[in-house]
Amino acid sequence: MSVPDYMQCAEDHQTLLVVVQPVGIVSEENFFRIYKRICSVSQVSVRDSQRVLYIRYRHHYPPENNEWGDFQTHRKVVGLVTVTDCCSARDWPQTFEKFHVQKEVYGATLYDSRLFVFGLRGEVAEQPRTDVAFYPSYEDCPTVEKRIEDFIESLFIVLESKRLDRATDKSGDKIPLLCVPFEKKDFVGLDTDSRHYKKRCQGRMRKHVGDLCLQAGMLQDSLVHYHMSVELLRSVNDFLWLGAALEGLCSASVIHHYPGGTGGGGTGSRRLQGGSVAAEAANRHRPGAQEVLIDPGALTTNGINPDTSAEIGRAKNCLSPEDIIDKYKEAISYYSKYKNAGVIELEACVKAVRVLAVQKRSMEASEFLQNAVYINLRQLSEEEKIQRYSILSELYELIGFRRKSAFFKRVAAMQCVAPSIAEPGWRACYKLLLETLPGYSLSLDPKDFNKGTHRGWAAVQMRLLHELVYASRRMGNPALAVRHLSFLLQTMLDFLSDQEKKDVTQSLESSTSKCPGTMELITLPDGLALPPVPLTKLPIVRRVKLLNLPASLRPQKMKSLLGQSVSTKSPFIYSPIIAHSRGEERSKKIDFQWVQGDVCEVQLMVYNPMPFELRVENMGLLTSGVEFESLPAALSLPAESGLYPVTLVGVPQTTGTITVNGYHTTVFGVFSDCLLDHLPGVKTSGCAVEVVPALPRLQISTSLPRSAHALQPSSGDEVSTNVSVQLYNGETQQLVITLENIGMEPLEKLEVTSRVLTTKEKLYGDFLSWKLEETLAQFPLQPGKVATFTVDIKAKLDFSCQENLLQDLSDDGVSVSGFPLCSPFRQVVRPRVDGKAANPPEGSKPGDPSHVKTLEAVLNFQYSGGPGHAEGYYRSLALGLHVEVEPSVLFTRGSTLPATSTRQCHLLLDAFNSTERELTVSARGGEELTLHAGECQRMAIQVDKFNFESLPESPGEKGQFASSRQLEEERQEARGLEINSKLGIRWRIPSLKRTGEASVEGLLSQLVLEHLQLAPLQWDVLVDGQPCDCQAAACRVGDPIRLEVRLTNRSPRSVGPFALTVVPYQDHQNGVHNYDLHGAISFVGSSTFYLDAVQPSSQSACLGALLFLATGDFFLRIRFHEDGTSRELPPSWFCLPSVHVRALEGQA
């Protein structure tokens, strides 16, 4: 016997072998359709008995194996079923003849045979025959199963007759010696009458009867016969048949112990349906017995007693599970003594392994398999080698030796494409290689490689993947080769050397040039699906971050009346359920928004693990939830680049919540969809963001140059554009801003606000001012349209300077009282030679950067339009303004001098030109004072005194929480504004044609303010009814003149009474006053005047008269009497004008 049956199992010893074969030309489809129906009748209950027959069907069986039917009866073909097509009665004789020829192949062992004829109709088909069944077609054959059952019953009848015939042979004839084919020549010339020979014959016949009993469903009988055969054959050292008897004993015991079978759902599992189990269990004795006690009287002369009831009753006949294996080992050791019994030995090893697999004794099973590997059979064909290695692989898999199983499966795969095969079976090789993957802990799903550490031997796995790639190419399937190469590169990247990485990528590029790699599922002909392999490690992504829009494009929600805090619907202050759900939402959804139609960005931190430059093409985003137009990018990463930022962009086309699921790439010709859920090492702060409706886009350009200066970090505004301008202090310049709608939606609403950033410098007046009405008149601004907007920049800082560059007025040789009454507008006072230089020291020149002040402000444009405006969203665009303010004119000191009128005074200012050019200063449009670069001059400005009490009350004074210091500052500022508006000081630089304003707020001390302020008590002196304040009053000598002193009380309190004395004198213009004027002036009445108490906002007057007796210029000084009332009030309240009277000659 040369062809092993690797599917053998212990239960096959109880089966009858039936061969089903086609006769003539029968299509494979039709044959196997009938063959499957025949195989469905695998067991038949015997009539009037509890026994069950088991049938084993084969559609191909080597005739040489049939010659071993006496050695083990389950190898004998006892039934033949043939299937044929016959369409006409004319072909019937030839068909029937072929049937007889087929029978002759197995004729020596056949019990019975059947012929199934399909397609024949008519008279021939109607003839009743037992061995032939006629059917009109393969579809119309309902009685096939019933015919097979009848056929099996006929086999049982022959089997039972043979069993009884062999078991009841009492003729005294010699028992024939059963032989295997290779023994026949060895027994020629032996003494057939020797006791040794007879025992050999008896032992072999006992074993043969045991086989027949087992096939006939008599398990316990077979056990007894096997035991007796073992004892007989052991005594004569008939090792080959002793091994067969031991194997039969093992098979019967296995059938008894494992009704479910050991062949993986084969014939043994069907024993549960029969009735023999109960009968055998009733006769079963103590399990585990391994000895046989044989009664000497049980043996007759020829050694066979048909009545085995005594042995059944006394024999401990069933082997224990442990003994089964021991007997298998013993049987195999006997088989190994015979070179021609290699197939028997191999099949016995296979059966033992299946039993051990059921017993879960894997290590012992591996020993049997290892023995089977080294059994030398005749020269096997390549197909037989493939079959042998495949079965070994399956058996190793059965006992849990997965890697060993994979090894033999791979050997079988390589055998399919051995050089000796004319047409290598690459498809079979590929299929077998796929089956080896689980044994090497290799899965073709890349997701399995993201779970923890790497499993299996990477070197072996890489070798196997290379073989899959090669087999795919030889099969002519480049798509399959690309898929396996991608898988190799993705999962084994960490184990590849630099050279291997280059080789694999070159091979991949070569394959993708013929068939690009895709993300489609590849389904093999056998139904196996190969999942797509995204190359997530080329490049490796470590972080994914959704970027907010630029500050100028971020949408902002308009504040509602109720505020944004009323968003939760829960009435509870705190709920852990709500907090948990919010936390989950916050972890998934990002707190900023994207805008429909605007380019959005996602930043990936990637690095290249390859030892060469990596080119990534067509890299874009994978999103869901919103229609999204991804704008793919291409990048080139240097070798082993380290973390490298890559920004992917796209445009959401609709609104809603968009989720960034991953990205797609094309690397080495392989298109990959890389999902973030499958990237365990990726860090992300959230992948979902809300897309709000479309908004317009505003672009601004200005008439000023862009600034290289960045605003202060504490500004809080993300400024998109910075402009800078250089102004002189007090100068005003217009900033023309061009507004262009570069979006796709109309710009419907615009609001402009400004904010001056924190500065150490105090600003006077409005730094930025504008009128928005003209710009809004051009709205709505359609896409592509332009509008203009004008902003006035007024840089007005403090004009005061702490350096006293001029002498005090009292030091220059001119006394205050020495000024002429009609003093000019400008009083130039040259600095003293020994005083401070006009030009400051070198380190503090006015042009130095230390003197340049910096002002920064932000213009904020809030605008909206389109669908976003309807949903309550707007955008904010910030323009940064950097203004460098150079000093123009500085006022180093300010003081006052009284004027000829009590309602006026002279404001003296020391003006210094801090520029490097000639500068002029003027007040109220009067004469200009020219100052050369670095020159300082004093200027006097005659001003009317101010009634500060009449200024409107500031809002701060009405506040309940305004501090006194704030109130005082507000009052001071209001006074300064009032003074500046009256003075109207302006400067001009003729060479640059630049002008500006100047202010004196920072220069005005409290004393100066008091001098500039009208006293609360206003005193007026009238001569002959005319106010005498600035000009001299004229009168005639000898004519009495009326003198009236009038008091107006502007204070909030009642004042008085007062006593005043009028003292006349003459001024000789040399510092000498003459008060002895009794001969020149005479009072009509008393020279002392009395005023009663004056209520607030009331007026009072006192009258008197004077008589001038001589001509000349006379002055009248009015002196208050110091009493309790006058001492309570400050002296500045008693400022009366000096009265100048000119007495002229009287008329004749």
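This is a predicted model: local features need pLDDT of at least 70, side-chain atom pairs count only at pLDDT 80 or more; totals for chains, interfaces and linings use all residues.

**Entry 1: the whole chain**

Next I looked up the secondary structure and found 26 helices and 46 strands. Then I turned to contacts with a separation of 6 or more, and residues 24 or more positions apart account for 76% of them.

I went to strand β4, residues 77-85, and asked how many of its nine residues are buried. The count is eight of the nine, so β4 is largely enclosed by the rest of the structure.

I then looked for its pairing. Strand β1 (residues 15-23) runs parallel to β4, and seven bridges join the two. Strand β5 (residues 112-118) is also joined to β4 by seven bridges, and this pair runs parallel.

Gly79 was a handy place to look. It is the bridge partner of Val18, and Gly79 also has a bridge partner in β5, namely Asp112.

**Entry 2: Arg200**

I listed what Arg200 touches, leaving out residues up to four places away in sequence: Leu177, Phe187, Leu233, Val236 and Asp238.

**Entry 3: helices α13 and α14**

Here I checked how two helices pack. Helix α13 (residues 362-373) and helix α14 (residues 382-398) have axes 11 Å apart, at an angle of about 170°. Angles over 145 degrees count as roughly antiparallel, and α13 and α14 are therefore roughly antiparallel to each other.

I wrote down who meets whom. From α13 come Ser366, Leu369, Gln370, Ala372 and Val373, and from α14 come Arg388, Leu392, Leu395 and Tyr396. Sorted by class, the contact of α13 with α14 has six nonpolar residues, two polar and one charged.

**Entry 4: helices α18 and α19**

I repeated the check on helix α18 (residues 478-491) and helix α19 (residues 498-512). Their axes come within 10 Å and cross at roughly 155°. α18 and α19 are therefore roughly antiparallel to each other. I noted the handedness too: α18 passes α19 in a left-handed crossing.

On the α18 side, the contact is made by Val482, Leu485, Ser486, Leu488 and Leu489; on the α19 side, by Val504, Thr505, Ser507, Leu508, Ser511 and Thr512. The contact of α18 with α19 has six nonpolar and five polar residues, and no charged ones.

Strand β9 (residues 540-546) and strand β12 (residues 600-607) pair in the antiparallel sense over six bridges. Val544 has Leu604 of β12 as its bridge partner.

**Entry 5: an antiparallel sheet**

The next open sheet has four strands in the order β21-β23-β26-β25, and the pairing is antiparallel. Its edge strands are β21 (698-702) and β25 (768-770), each of which pairs on one side only. Ignoring direction, neighbouring strands of this sheet are turned by 30° against each other on average.

I picked β21 to follow. It runs antiparallel to strand β23 (residues 732-741), with five bridges between them. Ile700 stands opposite Leu739 in β23.

**Entry 6: strand β46**

My last stop was strand β46 (residues 1139-1144). With strand β38 (residues 1033-1036) it pairs in the parallel sense over four bridges, and Leu1144 in β46 is the bridge partner of Arg1036. With strand β45 (residues 1112-1120), β46 runs antiparallel, joined by five bridges. There, Asp1113 has Arg1142 of β46 as its bridge partner.

Note on methods: Residues are numbered from 1 along each chain as its sequence is written. Side-chain values use heavy atoms; hydrogens and water are left out. Two strands pair if DSSP finds at least two bridges between them. Axes are lines fitted to C-alpha atoms, for helices over the stretch in contact, and angles run from 0 to 180 degrees between N-to-C directions. Angles under 35 degrees count as roughly parallel, over 145 as roughly antiparallel, 65 to 115 as roughly perpendicular and the rest as oblique. A crossing is left-handed if the near helix is turned anticlockwise from the far one by less than a right angle, and right-handed if clockwise. Contact means heavy atoms within 4.5 Å. Ala, Val, Leu, Ile, Met, Phe, Trp, Tyr, Cys and Pro count as nonpolar, Asp, Glu, Lys and Arg as charged, and the others, Gly among them, as polar. Buried means under 20% relative accessible area, exposed over 50%, partly exposed in between (1.4 Å probe, protein chains only).
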